[in-house]
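Subject: Handing over a structure

Hi there,

Here is the structure I promised to pass on to you. Please open it alongside this email, and take your time with it.

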Amino acid sequence: MDIQTLTNDPGHVVEADRAHVWHHLIQHKPFETIDPRIIVEGKGLRVWDIKGKEHIDAVSGAVWTVNVGYGRERIANAVAEQITKMCFFAGAAGTIPGARFAEMLIDKMPGLDRVYYANSGSEANEKAFKMVRQISHKHHGGKKHKILYRDRDYHGTTIACLSAGGQDERNAQYGPFAPGFVRVPHCLEYRSQDGSTGEAYAEHAANAIEEVILREGPETIGALCLEPITAGGGIIVPPKGYWERVQELCRKYEILLHIDEVVCGVGRTGTWFGYQQFGVKPDIVTMAKGVASGYAAISCCVTTDAVFEMFKDDTDKMGYFRDISTFGGCTGGPAAAIENMNIIEEENLRGNSTAMGEHLMGNLHELMERHQWVGDVRGMGLFAGVELVNDRSTKEPIDEKQTMAIVADCMAQGVIIGATNRSLPDMNNTLLFAPALIATKDDLDQVTDAVDQAIKRVLG
């Protein structure tokens, strides 16, 4: 069958998908009796499946990516023009969009200076880990090689990234993992380890990191890798004072601070990057997803000049950063990223994220007033979570099957939301929201109305 016939025959597309595509993150056994979901078109905040059903997308492509919304012709045109002229050249050389976007990006990140291109968030974090390890060998005799990471944080899907993964169900069955990665406790105030709250809990959570540093030995620790706001682990906004103390610890013990902005970056929280909400000055920042809103593959590992300078050495043939990302040399990514960033600026989408985030949080707090099952509401900008419990006093989480039943009910209503699922043992009970930064009040009302109805049907 030719491609045109295939495109015009939805039934054949479904069968071709069922027979040959290995999808991400899902069990395929049900496809023996139900059709796989196939999305064929998107415009603004809405997508249409192959059966013609319209959905409002409250998670930006299901994985927090399409920050400026679907159907942006100017981004597609910019990519087409660039890749027609020069599609690819290995990253050992430069390209015009690569240079332009690097300058544009660094202008938004005071204190940082260098951009290393790759093609996914996992790969960007791998680059950061390799930098830390090579710095350890070049400058610390190989001893300062350990990388600390936080419980409930997520940094990617490769073996090294899973080694730094704080979501045990995502990690399950993929070990043994790379040595030298050490976990520190989470900073979710709602699940406070010692019962403290507010700034007292911030101090407790940060002190818990110092305890790990001292236990492992500061001379063995090269970096601390954290999300500014934990994303897939439940939308965890650190308590006030936490980040200041974390940065103080990194400076005190000469530990590089690596912030993973793969989800939080590029306007999601209302600032260009999530760490900028907390006045932090990182040494390394990684990003992907919203950098080009999914219109082309791109990720970046951004560093200070001080980090970059540690690899400049013409006396050591092994002293430079001996790494390559093949598709980091694709020009479509930075071409898309330039237009993506221009749109965010021109349409003041960071401002909209702040304003609409406040509206979304207001709606979610109203759900909390109406439903005893809502234990906690948290977030920043267009980035929010609702933790569901059986009992507010005990905070016993609802069952994961109930969480996913709510997601499925919303989907049946034409609203796509996310949830922690198959990630955190016995704690997959948080609904997740990250709509495109173009969201309006009407869009958000439609989303939360669907959640309201789903909670009533699933939980009573």
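First, the ground rules. This is a predicted model, in which local features need pLDDT of at least 70 and side-chain atom pairs count only at pLDDT 80 or more, while totals for chains, interfaces and linings use all residues. Residues are numbered from 1 along each chain as its sequence is written, and side-chain values use heavy atoms, leaving out hydrogens and water.

Let's begin with the sheet. Helices (H or I, at least four residues) and strands (E, at least two) are DSSP runs, numbered from the N terminus. Two strands pair if DSSP finds at least two bridges between them. Four strands make up an open sheet with mixed pairing, in the order E1-E2-E3-E14. Its edge strands, E1 (39-43) and E14, each pair on one side only. E2 (residues 46-49) and E3 (residues 54-57) run antiparallel and are joined by three bridges, with Val-47 opposite His-55. These two strands form a hairpin with four residues between them, and Gly-52 in the turn has a positive phi of about 90°. E3 also pairs with E14 (residues 415-416), in the parallel sense and over two bridges; here Ile-56 has Val-415 as its bridge partner.

Next comes Ser-60, which is found in helix H3 (residues 60-64). Ser-60 is buried, at a relative accessible area of 1% (buried means under 20%, exposed over 50%, partly exposed in between, with a 1.4 Å probe and protein chains only). Its side chain makes a polar contact of 3.1 Å with that of Arg-268 (a pair of N or O atoms within 3.5 Å, one able to donate a hydrogen and the other to accept it; residues adjacent in sequence count only if both atoms are side-chain atoms). Leaving aside residues up to four places away in sequence, Ser-60 touches residues including Tyr-70, Ala-434, Pro-435 and Ala-436 (heavy atoms within 4.5 Å).

Finally, the second largest pocket has a volume of about 830 Å³. A pocket is an open set of points on a 1 Å grid where a 1.4 Å probe fits, with protein on both sides within 12 Å along at least five of seven lines; lining residues have an atom within 4 Å of a point. The volume is the space filled by probe spheres set on the points. Of the 31 lining residues, the closest to the centre are Gly-91, Val-115, Tyr-116, Tyr-117 and Phe-308. Strand E4 gives the largest share of the lining, four residues.

Enjoy exploring!
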